[in-house]
Amino acid sequence: MAGKVRSLVWDDGCLKLIDQRRLPTSLEVVECRTYQEVADAIRTMKVRGAPAIGATAAFGMALGAMEHSHATPKEFLAAMKTISRELASTRPTAINLFWALKRMEKVVDSKQTEPVAGIVDALILEAEAIATEDVETCRQIGAAGAPLIADGDGVLTICNAGALATVDYGTALGVVRAANEASRDFHVYAAETRPFLQGARLTAWELVQEGIPATLITDNMAGWLMQQGRVQVVIVGADRIAKNGDTANKIGTYTFAILAHHHRVPFYVAAPLSTVDLSLESGEQIPIEERSPQEVTHLFGQRIAPEGIGVYNPAFDVTPAELISGIITEVGIICPPYVANLPQAFQMS
Ligand code: MRU
């Protein structure tokens, strides 16, 4: 059984997305019928989370192809390049976006001598395959990671790596879901995740929907929680993992990894292999998105900091591989040394 939430649904030429900016107060669906609407949805965080962004972009390519289905083959191929570039420009850190676009571009390349209508159909099928595979992959991640959660454990997570951040089920929350389905008795601590509050708004919402015992904390409470012995394992998602295991994830993740190391609490990353970027030797090469200062100076449209103050708003940080106990993937838990074991994991997939 998949989760109760599905972040996106393809409905005969229309991509329906849960508008994640509106949760938890209202559950609204946005309908995208053009690739520009899809690009806007990613850029403005109506949809967010690495695997969800990837699948959404794939449907964006499918919608763009449908819009150009009456073009000449030459015009069509040129348009697909423009559309892919536009979708790729929406957010820089999560590799799943570029991974999905590459898969779609491969379909175009392999069929470029065929009639345009056939390429359009193939692109729709590929986007649907990406979405379907994502759900299966998350379930495998859940099954691989569930044994890491024991009865009585406190599990700390940050941001939202749940059904909303994927197509369904989630990565870090997939592990939590699987442990819950195995009737394990544990407690989740969800960090609110300033400044965008994905933890408070989205993870807390998913956990309440599932009836999984959980407590919301502000990010600066994590150290105290660990000092009290209330956290036995930290499980987080990932936006990009370099070949050596360095992991970019939501800002604040690195702080939790340091705290976990200090308190000898195991720290796991849960992510599909599509989040691993073997072309990058280390985390230093991962591009980190900086977002609007307004996310820090304002809360729900209300100014909370004085005008004129400088603001730094990186959306992600990089946790060094040596702080990561293991990376939970669809082919199992990858252990250090990541530089040898991550490339090997691809051979198992
Ligand atoms: O800025 P966001 O909300 O897109 O960031 C999301 C995260 O950092 C998630 O932890 C990550 O994408 C993993 S989602 C399964």
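Me: Which residues come nearest to the ligand?

Reply: This is a predicted model, in which local features need pLDDT of at least 70, side-chain atom pairs count only at pLDDT 80 or more, and totals for chains, interfaces and linings use all residues. Residues are numbered from 1 along each chain as its sequence is written, and side-chain values use heavy atoms, with hydrogens and water left out. A residue is near a molecule if one of its heavy atoms lies within 4 Å of it. There are 19 residues around the ligand, and those that come nearest are Arg48, Arg91, Asp239, Asn249 and Lys250.

Me: How do the residues of the shell around the ligand divide into nonpolar, polar and charged?

Reply: Ala, Val, Leu, Ile, Met, Phe, Trp, Tyr, Cys and Pro count as nonpolar, Asp, Glu, Lys and Arg as charged, and the others, Gly among them, as polar. By this scheme, the shell holds eight nonpolar, seven polar and four charged residues.

Me: What is the distance from a polar side-chain atom of Asn249 to an oxygen atom of the ligand?

Reply: A polar contact is a pair of N or O atoms within 3.5 Å; within protein, one must be able to donate a hydrogen and the other to accept it, and residues adjacent in sequence count only if both atoms are side-chain atoms. The backbone takes part too: an N or O atom of Gly49 lies 3.0 Å from a ligand oxygen, and one of Ala50 lies 2.9 Å from a ligand oxygen. For the polar side-chain atom of Asn249, the distance is 2.7 Å.

Me: How much of the ligand's exposed area does the protein bury?

Reply: Accessible areas come from the Shrake-Rupley method with a 1.4 Å probe; for residues, only the protein chains shown count as cover. Taken alone, the ligand exposes 420 Å². Of that area, the protein buries 99%.

Me: Which residue of E2 is the bridge partner of Leu8?

Reply: Strands (E, at least two residues) and helices (H or I, at least four) are DSSP runs numbered from the N terminus, and two strands pair if DSSP finds at least two bridges between them. Strand E1 (residues 8-10) and strand E2 (residues 15-18) are antiparallel, with three bridges. In E2, the partner of Leu8 is Leu17.
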